[in-house]
Amino acid sequence: MPLRLTVFLALIVVCVVASAPAHGAGRYTGQAPVGSQGDADRGPALAQAMIQVLTRLGGDERLADRGDVAREAAQASAYVLQYQYRREPATDGTPTLMLVAEFDPAAIGAVLQRLGVDTAQADRGAPSEVRLWIGGIRSAEDYARVLRYLGSLELVRQAGAVEARGDGMLMRVALTVGLPYFLSTVDTGALLTVVDGRPPVDGVDATLILGR
């Protein structure tokens, strides 16, 4: 089996199983894989989750590469409201432990201000066409809900299914803005929750989960 297809199928397994978003999932919630529930592993995972939140709110994925962002994220434990752990299966049958953290909106806002990021004027980015994997689709009605929701967004020009597998679907979506800005907007709603805005998988630009 080609490597690209193998990795893609692995993503499908993860996305489908994680069909129930963590409590409090939203704009100020991030997640990261973690080796254990110990303090030594928790710190770096919290930092990674916080960088995910800052990138989402700033509407610019380049924030993740900035040194000042990394320095702020190193203090993530001071900004977190709550965190929990979730297990997701891997292709070899060994569960992957994920840390899901919700951060204090006021504290994150202050961090963004120190970083010189104006979320009200976040870079909308250029129009783009992206491929989104959406998990948690268990029926034709679920699929119709997703299409109706995407069709109601002024940031979406067109959306259509590429393929379905299990209880998930790969969709091609034409946007009037860049993907980071779109994800920062869609993640404020209750219908879809962003799982990963930068999945390391060829052919998938972001993964989302349909809420109940």
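# Chatting through a predicted model

Me: Quick one to start: how does Arg138 count in terms of accessibility?
Reply: Arg138 has 44% relative accessibility, so it counts as partly exposed. The cut-offs are: buried is under 20% relative accessible area, exposed is over 50%, and partly exposed is in between, using a 1.4 Å probe and protein chains only.

Me: And what kind of model is this?
Reply: It's a predicted model, where local features need pLDDT of at least 70 and side-chain atom pairs count only at pLDDT 80 or more, while totals for chains, interfaces and linings use all residues. Residues are numbered from 1 along each chain as its sequence is written, and side-chain values use heavy atoms, with hydrogens and water left out.

Me: Back to Arg138. What does its side chain meet in a salt bridge?
Reply: Asp167, at 3.9 Å from N to O. A salt bridge here is a side-chain nitrogen of Lys or Arg within 4 Å of a carboxyl oxygen of Asp or Glu.

Me: Is Asp167 buried or exposed?
Reply: Asp167 is buried, at 15% relative accessible area.

Me: How many salt bridges are there?
Reply: The count is 8. Among them is Arg145 with Asp142, at 3.3 Å from N to O. Both sit in helix 5, 3 residues apart, which is about one turn of the helix. Arg145 is partly exposed at 21%, whereas Asp142 is buried at 6%.

Me: What does Arg165 form a salt bridge with?
Reply: Glu163, with the closest N and O atoms 3.3 Å apart. Arg165 is partly exposed at 35%, and Glu163 is partly exposed at 28%.

Me: Switching topic: how many aromatic pairs are there?
Reply: The count is 1 aromatic pair. The ring centres of Tyr83 and Tyr85 are 6.0 Å apart and the planes are at 85°, so the pair is edge-to-face. The rule takes rings of Phe, Tyr and Trp (its six-membered ring) with centres within 6.5 Å; planes under 30 degrees apart are stacked, over 60 edge-to-face, and the rest tilted.

Me: Why is strand 8 largely enclosed?
Reply: Strand 8 (residues 206-210) has 5 of its 5 residues buried, so the rest of the structure largely encloses it. Ala206, Leu208 and Leu210 point one way, while Thr207 and Ile209 point the other way.

Me: Which strand pairs with strand 8 in the parallel sense?
Reply: Strand 4, over 4 bridges, with Ile134 standing opposite Leu208. Pairing means that DSSP finds at least two bridges between two strands. Strand 7 (residues 192-196) is also joined to strand 8 by 4 bridges, and these two run antiparallel. There, Thr193 stands opposite Ile209.

Me: Now helix 4. Which residues are buried there?
Reply: In helix 4 (residues 105-114), Ala107, Ile108, Val111 and Leu112 are buried. Seen down the helix axis, the buried residues fall within an arc of 140°, so they line one face. That arc is taken from the directions from the helix axis to the C-beta atoms. On the other side, Ala106 and Gln113 are exposed.

Me: What caps the N-terminal end of helix 4?
Reply: Asp104 does, with a side-chain oxygen 3.1 Å from the backbone nitrogen of Ala106. Just after helix 4, Gly116 takes a positive phi of about 75°.

Me: Last one: which members of the largest nonpolar core touch the most other members?
Reply: Met50, Leu54, Ala101, Phe103 and Ile108, out of 27 residues. Helix 2 (39-58), helix 3 (67-73), strand 3 (95-103) and helix 4 each supply at least two residues of this core, and the largest share, 9 residues, comes from helix 2. A nonpolar core is a set of buried Ala, Val, Leu, Ile, Met, Phe, Trp, Tyr and Cys residues joined through side-chain atoms within 4.5 Å.

Terms used: Polar contact = N/O pair within 3.5 Å; in protein donor to acceptor, adjacent residues only side chain to side chain.
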